[in-house]
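Please have the model open while you go through the numbered points below.

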Amino acid sequence: MKRMDRFMSKLIVAVLTGTMLLGVAGGAFAQLQEKKKEKKTKETVAMSQQVYEKLTEIQELVEAKDYASAQVLIDEVKGRKSL
């Protein structure tokens with residue numbers, strides 16, 4: 001009977017230890033996932049002030065339903081070598 005009690009005690013300790021290790025590993029995995037998300041957001045590049053101003057102007061033309069003028073500006077922005 002003592003052997004069975006020792007076995008059960010060891011089994012319980014092993015299960016609890018495994019559960020705690022999985023919890024720690026899960027937390028570490030969650031942190032890695034969070035870091036990956038942060039990296040993705042840091043990879044974006046800001047647009048230049050000139051491009052921003054052109055896009056604002058294009059938006060105003062579209063809101064005024066002046067689509068032809070907006071298209072001309074869109075083509076100008078698309079033709080730039082670096083946005």
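1. Where is the place of Met4? Met4 falls in helix 1, which covers residues 2-42; helices here are DSSP runs of H or I with at least four residues, strands are E runs of at least two, and both are numbered from the N terminus.

2. This is a predicted model, in which local features need pLDDT of at least 70 and side-chain atom pairs count only at pLDDT 80 or more, while totals for chains, interfaces and linings use all residues. Residues are numbered from 1 along each chain as its sequence is written, and side-chain values use heavy atoms, with hydrogens and water left out.

3. The protein has three helices and zero strands, and its elements follow the order α-α-α from the N terminus. Of its 83 residues, 7% count as buried, that is, under 20% relative accessible area with a 1.4 Å probe and protein chains only, where exposed is over 50% and partly exposed lies in between.

4. Val51, Ile58, Leu61, Ala70, Leu73 and Val77 make up the largest nonpolar core, a core being a set of buried Ala, Val, Leu, Ile, Met, Phe, Trp, Tyr and Cys residues joined through side-chain atoms within 4.5 Å. At least two residues of this core come from each of helix 2 (49-63) and helix 3 (67-78).

5. One salt bridge is found in the whole structure, defined as a side-chain nitrogen of Lys or Arg within 4 Å of a carboxyl oxygen of Asp or Glu. Lys54 forms a salt bridge with Glu76, with the closest N and O atoms 3.4 Å apart. Because Lys54 lies in helix 2 and Glu76 in helix 3, the pair ties together parts that are 22 residues apart in sequence.
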